[in-house]
Amino acid sequence: MRYQYFLVFILVSSALAANQHKAEIEDNEFAEFEEFDEDDELVIKEEETTKLNTESEASSPEQSFDEEEDSEEFEHFQDEEEFEGLDQEVPLVKGKPSEKPDLKITKVPLHLRRNWESYYLEFLMFAGLIVYFINFGAGRNKNQKLAMAWFNSHRQILENNFALVGDDGKKEIENPGMQKESEHIYTLWCSGRACVEGMLVELKFLKRQDLVNVMASMFRPASDQIRIKVTMNADSMDNFVFCIANKKTASRLLKEMSDLSTYCPEKKSVDRLGIPDNFVMMSELGEAASAMLDSKLVAVLQKYSECIDFIHFSDQFSGAKIQEDAQLTKLPDTKKMLLFGFNIPGKGKTTPEIMENLKPLLQLVFYSIEKVKRFKLSKEAKTKAEKNRQRVEEVFLKSTHAQRQEAAQARREEKKRAEKEKIMNDDDPDKQRKWEEREHRREMKRKAPKMKQLKVKTL
């Protein structure tokens with residue numbers, strides 16, 4: 001963090017210098033123009049004096065009287081102190097007449113006489129760009145070092161539990177391992193384990209390459225995060241939804257996740273279970289909650305309460321909640337997933353040593369996979385879970401019944417419109433007349449009241 005404070009100090013110093021210079025300019029608004037006026041006046045005087053001297057040498061003795069009269073007219077162009085000694089004649093040398101020295105005046109362009117302090121805005125912008133690019137390179141390199149530190153320290157555990165680490169087996173990857181999604185997000189895909197389709201590890205670091213985000217994190221400290229998603233096979237997990245999360249995170253998950261808001265919308269306290277009071281539980285079935293919160297998981301929650309953000313098991317995971325105005329014709333596809341969210345300690349001051357000490361969190365993931373695979377619901381719990389899913393499906397069908405009717409009516413009208421257009425484009429009037437009569441009979445039959453038929457049994 002030292003280089004971050006240094007960058008902020010440079011920006012603040014540049015801003016103070018710019019404000020000081022701006023205040024000096026405001027005190028004397030015409031200082032720059034006065035400097036230009038004095039220089040221009042001096043150049044004009046020198047040019048006029050040179051012109052007069054040249055004309056006096058080239059003129060004849062008869063014009064001396066006229067020149068004396070004209071000299072009074074140009075008195076305001078002469079400065080005795082500026083041209084002192086020019087009126088004295090140089091003594092004769094080898095019979096040559098006296099000559100006055102040739103005075104040459106160099107014209108200095110105006111843009112070279114400007115004060116460089118007038119470019120303080122450009123200097124400030126240039127300094128800001130330098131600070132931004134320095135921070136970009138330093139932040140990007142630090143995130144990369146943290147990702148490689150985590151991968152190198154956890155690689156042996158991953159290889160012991162998966163056949164493929166860093167490769168999904170579907171596409172060729174030149175360098176299997178951590179994949180860089182952006183300057184602050186790195187991913188790792190693992191596959192080749194019984195009862196598991198695959199596991200995705202996502203390292204979400206702070207945006208250290210963004211100078212604005214770095215300055216904001218000084219006032220609002222945040223943490224680097226690790227997200228792990230495990231996709232279970234269809235027959236390797238029973239039907240239940242369970243989640244234990246930090247109180248603040250639990251409120252966000254209830255608003256965003258469709259399965260939690262549908263199957264377990266109530267938050268329950270966990271004080272009686274020996275779990276720290278900063279956690280809350282959301283569970284569809286009490287039997288599943290009791291089985292998941294065994295002594296080992298409770299011990300990990302107590303020891304790493306600052307690191308664990310949430311643990312979410314679900315057989316109905318479909319991602320984020322769909323907006324209410326969205327028109328759906330069928331329920332979204334669901335998967336059996338185990339999701340873990342971990343906060344890396346340090347409040348943004350993460351070091352490679354801290355990344356290497358997070359092995360117990362990854363071991364918790366593999367322990368949970370085996371726990372879920374072995375757990376089986378009782379007959380009563382299975383029946384309750386099936387009823388909950390049937391109820392959700394019925395509610396969805398009722399809510400979408402009107403939408404399906406409107407969609408079917410729109411399809412019928414579109415079909416009828418296409419048929420009418422085809423008949424009207426035909427030049428045969430008999431076909432048009434027969435079609436109109438048939439449509440008229442259909443319309444009358446549809447509007448006619450329906451009569452109930454009584455069936456009489458014969459003896």
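Predicted model: local features only at pLDDT ≥ 70, side-chain atom pairs only at ≥ 80, totals over all residues.
Local features were taken only where pLDDT is at least 70 and side-chain atom pairs only at pLDDT 80 or more, whereas totals for chains, interfaces and linings use all residues. Residues are numbered from 1 along each chain as its sequence is written, and side-chain values use heavy atoms, with hydrogens and water left out.

Helices (DSSP runs of H or I, at least four residues) and strands (runs of E, at least two) are numbered from the N terminus. Strand β9 covers residues 335-343, and eight of its nine residues are buried, so this strand is largely enclosed by the rest of the structure. Here, buried means under 20% relative accessible area, exposed means over 50%, and partly exposed lies in between, with a 1.4 Å probe and protein chains only. Two strands are counted as paired if DSSP finds at least two bridges between them. Strand β5 (residues 225-232) runs antiparallel to β9 and is joined to it by seven bridges; Thr 231 stands opposite Met 337 of β9. Strand β8 (residues 308-317) also pairs with β9 in the antiparallel sense, over seven bridges. In that pairing, Ile 308 has Phe 342 of β9 as its bridge partner. In a regular strand the side chains alternate between the two faces of the sheet.

The structure holds twelve salt bridges, each defined as a side-chain nitrogen of Lys or Arg within 4 Å of a carboxyl oxygen of Asp or Glu. One of them joins Arg 193 to Glu 370, with the closest N and O atoms 2.6 Å apart. This pair links distant parts of the chain, 177 residues apart: Arg 193 is in the loop between β3 (185-191) and β4 (196-204), and Glu 370 is in helix α11 (residues 359-374). Arg 193 is buried at a relative accessible area of 17%, while Glu 370 is partly exposed at 23%. Both residues belong to a network of salt bridges that also includes Lys 373 and Arg 374.

A salt bridge with an N to O distance of 2.8 Å is formed by the side chains of Glu 284 and Arg 389. Glu 284 lies in the loop between β7 (279-283) and α8 (286-292) and Arg 389 in helix α12 (residues 379-425), so the pair ties together parts that are 105 residues apart in sequence. Glu 284 is buried, with a relative accessible area of 9%, and Arg 389 is buried at 11%.

Lys 371 and Asp 294 form a further salt bridge, their closest N and O atoms being 3.4 Å apart. Because Lys 371 lies in helix α11 and Asp 294 in the loop between α8 and α9 (295-303), this pair ties together parts 77 residues apart in sequence. Lys 371 counts as partly exposed at 22% relative accessibility, and Asp 294 counts as buried at 14%.

Zero disulfides are present, a disulfide being a pair of cysteine sulfur atoms within 2.5 Å. Cys 190 is buried at 0% relative accessibility, and Cys 307 is buried at 8%.

On the surface, Met 125, Leu 129, Tyr 132 and Phe 133 form a nonpolar patch with about 440 Å² of accessible area together. Patches are made of residues with over 30% relative accessible area and no salt bridge, with nonpolar side chains (Val, Leu, Ile, Met, Phe, Trp, Tyr) joined within 5 Å and like charges within 9 Å. Accessible areas come from the Shrake-Rupley method with a 1.4 Å probe, and for residues only the protein chains shown count as cover. Phe 133 lies in helix α4 (residues 120-161) and counts as exposed at 55% relative accessibility.
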